[in-house]
Amino acid sequence: MVEAVQRALQTGLEIPDHGCIRLVEYDDSAMIAPPGKGPSYLMVEITLFPGRSLDIKRRLYAALVEELSAFGVPASDIQTVLIEVAPVNWGLQGIPASEIGR
């Protein structure tokens, strides 16, 4: 499943291999799914830099649905949340990401 999300990120956002992906699973007793969702309900949270267009985000949402369908997850059970963090608030290599490449 992690590789499927990786492929969706590459397709949807047109980014190279992105190595920071984690899968966090919860027991049924640790999470309440929204009404009407099935047992395969997934919430995909993606933290990224801001600035992508709505069309790019749409492409990402569609790529996630396509990739996760291979696991029997219907589109109606997939919720995607994008968390946009300014590069100044993202530390990489001991400095703000906004300063990389200067």
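Strand β1 contributes the most to the lining of the largest pocket, with seven residues. Strands here are DSSP runs of E of at least two residues, helices are runs of H or I of at least four residues, and both are numbered from the N terminus. The structure is a predicted model, in which local features need pLDDT of at least 70 and side-chain atom pairs count only at pLDDT 80 or more, while totals for chains, interfaces and linings use all residues. Residues are numbered from 1 along each chain as its sequence is written, and side-chain values use heavy atoms, with hydrogens and water left out.

The largest pocket has a volume of about 1400 Å³. Its lining comprises 36 residues, of which R22, V24, M43, V44 and E45 are the closest to the pocket centre. Two or more lining residues come from each of the elements α1 (2-13) and β1 (42-48). By residue class, the lining divides into 25 nonpolar, four polar and seven charged residues. Ala, Val, Leu, Ile, Met, Phe, Trp, Tyr, Cys and Pro count as nonpolar, Asp, Glu, Lys and Arg as charged, and the others, Gly among them, as polar. A pocket is defined on a 1 Å grid over the protein atoms alone, as an open set of points where a 1.4 Å probe fits, with protein on both sides within 12 Å along at least five of seven lines; lining residues have an atom within 4 Å of a point. Grid points are joined across faces, edges and corners, and the volume is the space filled by probe spheres set on the points.

The protein has two helices and four strands, which follow the pattern α-β-α-β-β-β along the sequence. The C-alpha trace spans about 50 × 30 × 20 Å along its principal axes. Of the 102 residues, 24% count as buried, where buried means under 20% relative accessible area, exposed over 50%, and partly exposed in between (1.4 Å probe, protein chains only).

The structure holds four salt bridges, each defined by a side-chain nitrogen of Lys or Arg within 4 Å of a carboxyl oxygen of Asp or Glu. One of them joins E67 and R7, with the closest N and O atoms 2.9 Å apart. E67 lies in helix α2 (residues 54-69) and R7 in helix α1, so the pair ties together parts that are 60 residues apart in sequence. E67 is buried, at 19% relative accessible area, whereas R7 is partly exposed, at 38%.

Another salt bridge is formed by the side chains of E84 and K57, at 2.9 Å from N to O. This pair links distant parts of the chain, with E84 in strand β2 (residues 78-84) and K57 in helix α2, 27 residues apart. K57 is buried, with a relative accessible area of 16%, and E84 is partly exposed, with 37% relative accessibility. Within helix α2, R58 and D55 are three residues apart, about one turn of the helix, and their side chains meet in a salt bridge of 3.0 Å, N to O. R58 counts as partly exposed at 47% relative accessibility, and D55 as exposed at 54%.

On the surface, V24, Y26, M31 and M43 form a nonpolar patch with about 390 Å² of accessible area together. Patches are made of residues with over 30% relative accessible area and no salt bridge; like charges are joined within 9 Å, and nonpolar side chains (Val, Leu, Ile, Met, Phe, Trp, Tyr) within 5 Å. Accessible areas come from the Shrake-Rupley method with a 1.4 Å probe, and for residues only the protein chains shown count as cover. Two residues of the patch, V24 and M43, are also among the residues closest to the centre of the largest pocket. Y26 lies in the loop between α1 and β1 and is exposed, with a relative accessible area of 55%.

The loop between α1 and β1 also holds E14 and P39. E14 has a positive phi of about 55° although it is not a glycine, and at 59% relative accessibility E14 is exposed. P39 is exposed as well, at 91%; its C-alpha atom is separated by 11 Å from that of G72, 33 residues apart along the chain. A positive phi, of about 60°, is also found at Q93, again not a glycine. Q93 is placed in the loop between β3 (91-92) and β4 (95-96) and counts as exposed, with 74% relative accessibility.
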